[in-house]
Amino acid sequence: MVSATSKMKWLFGKNSDLYPLNMPSGMLFWAARRITGLIVAIYIFAHLYILSTFWSGSNSWGGMMNLMTSDAFVFLDLLLLGAVIVHAVTGAAVVLFDTGVGVRKHKMVYWVLTVIGVLLFIGAVYGAYRLITG
Amino acid sequence: MTNNPGKTKGTWAWLMQRVTAVLIIVFLGTHIYLTHFASFDIELLDWTQVEARVQALPILLIDYGLLITAIFHGLNGLRMIAFDFISANGKRRLADVGFWALGIFSVIWGLAIFSPFFN
């Protein structure tokens, strides 16, 4: 009998193909894009649901905004923005390669996009820090 | 395309995913900037501020553009994931009906969301 833990280790452990650092760069970008895509797609509907508070008038909206601007939700927004940035940056690689740009320099494209993503996320962290501290 | 013998080869889905991706970078970039970064001193987007933004036509058009492109892109992406697990053509067409219905419903929902500001 193979235990569940050792099965997970075999699938996702440091020696497995699915361990992020063992993935070829294209596969890593693909996996990151897919996971963040799922998160952001689900978020769209949460966003519509929350904005529907408009229909209940300005008082309900004010209460909703008080909750949404609380520190916890600003932090969740930061995580969401992180997912959006990862999705945008990895998706940009797809658009570039499909239009024939950088196909023969794909590693460099991945690195440049990674740097852009990190810089964008630093901006997002700064924004969240400003909102939380005040 | 041996497992997809139907009429559709997915070319439009592929192309539109790229087109909406580029549009979303523009729309969402503007949306996030205007909503969260343009005015740090305004922590609370209160009713009157939302009203002013919604009644500014360029902002409304960007938000509606984002609504349509994001819902298409999101559902088309979910369809792509679903099709990694569904290979039977009939089930795929059934899934298509579901995705289109959900998409049209969501766009109408989104278009109607600002209605309290136009009364």
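Which residues is A:Thr53 in contact with, leaving aside its neighbours within four places in sequence? They are A:Ser60, A:Trp61 and A:Met64, where contact means heavy atoms within 4.5 Å. A:Thr53 itself sits in the loop between α2 (25–51) and α3 (58–68) of chain A. Helices here are DSSP runs of H or I with at least four residues, strands are runs of E with at least two, and both are numbered from the N terminus. With a relative accessible area of 12%, A:Thr53 is buried. The scale behind that word is as follows: buried means under 20% relative accessible area, exposed over 50%, and partly exposed in between, using a 1.4 Å probe and protein chains only.

The structure is a predicted model, in which local features need pLDDT of at least 70 and side-chain atom pairs count only at pLDDT 80 or more, while totals for chains, interfaces and linings use all residues. Residues are numbered from 1 along each chain as its sequence is written, chains are lettered from A and ligands numbered from 1 in the order in which they are written, and side-chain values use heavy atoms, with hydrogens and water left out.

Consider chain B next. Its secondary structure comes to 4 helices and 0 strands, and from the N terminus on the elements run α-α-α-α. Chain B has 119 residues, of which 39% count as buried. Among the contacts in chain B with a separation of 6 or more, 74% come from residues 24 or more positions apart.

Chain B also meets chain A. On one side 36 residues of chain B take part, and they are in contact with 31 residues of chain A. The area buried between the two chains is about 2,700 Å², and carbon and sulfur atoms give 75% of it. Buried area is the accessible area (1.4 Å probe) that two parts lose on being put together, summed over both. Between chain B and chain A there are 7 residue pairs in polar contact, both residues being at pLDDT 80 or more. A polar contact is a pair of N or O atoms within 3.5 Å; within protein, one must be able to donate a hydrogen and the other to accept it, and residues adjacent in sequence count only if both atoms are side-chain atoms. On the side of chain B that touches chain A, the elements giving two or more residues are α1 (11–37), α2 (47–54), α3 (57–83) and α4 (89–112) of chain B. That side has 25 nonpolar, 7 polar and 4 charged residues. In this division Ala, Val, Leu, Ile, Met, Phe, Trp, Tyr, Cys and Pro count as nonpolar, Asp, Glu, Lys and Arg as charged, and the others, Gly among them, as polar.

Charged side chains come next. Side chains of opposite charge can pair when their charged atoms come close. A salt bridge is a side-chain nitrogen of Lys or Arg within 4 Å of a carboxyl oxygen of Asp or Glu. By this rule there are 4 salt bridges over all chains. B:Asp84 forms one with A:Arg34, the closest N and O atoms being 2.6 Å apart. This pair crosses between chains, from the loop between α3 and α4 of chain B to helix α2 of chain A. B:Asp84 is partly exposed at 49% relative accessibility, whereas A:Arg34 is buried at 18%.

A:Asp98 forms a salt bridge with B:Arg18, and again the closest N and O atoms are 2.6 Å apart. A:Asp98 lies in helix α4 (residues 71–98) of chain A and B:Arg18 in helix α1 of chain B, so this pair joins two chains. A:Asp98 is partly exposed, with a relative accessible area of 38%.

Within chain B, B:Arg79 forms a salt bridge with B:Asp96, their closest N and O atoms being 2.6 Å apart. The pair links distant parts of the chain, with B:Arg79 in helix α3 and B:Asp96 in helix α4, 17 residues apart. Both B:Arg79 and B:Asp96 are buried. Salt bridges that share partners join B:Arg79, B:Arg93 and B:Asp96 into one network.

Aromatic rings complete the tour. Over all chains there are 10 aromatic pairs. Rings of Phe, Tyr and Trp (its six-membered ring) pair if their centres lie within 6.5 Å; planes under 30 degrees apart count as stacked, over 60 as edge-to-face and the rest as tilted. B:Phe105 and B:Trp109 form a tilted pair, 5.9 Å centre to centre with 45° between the planes.
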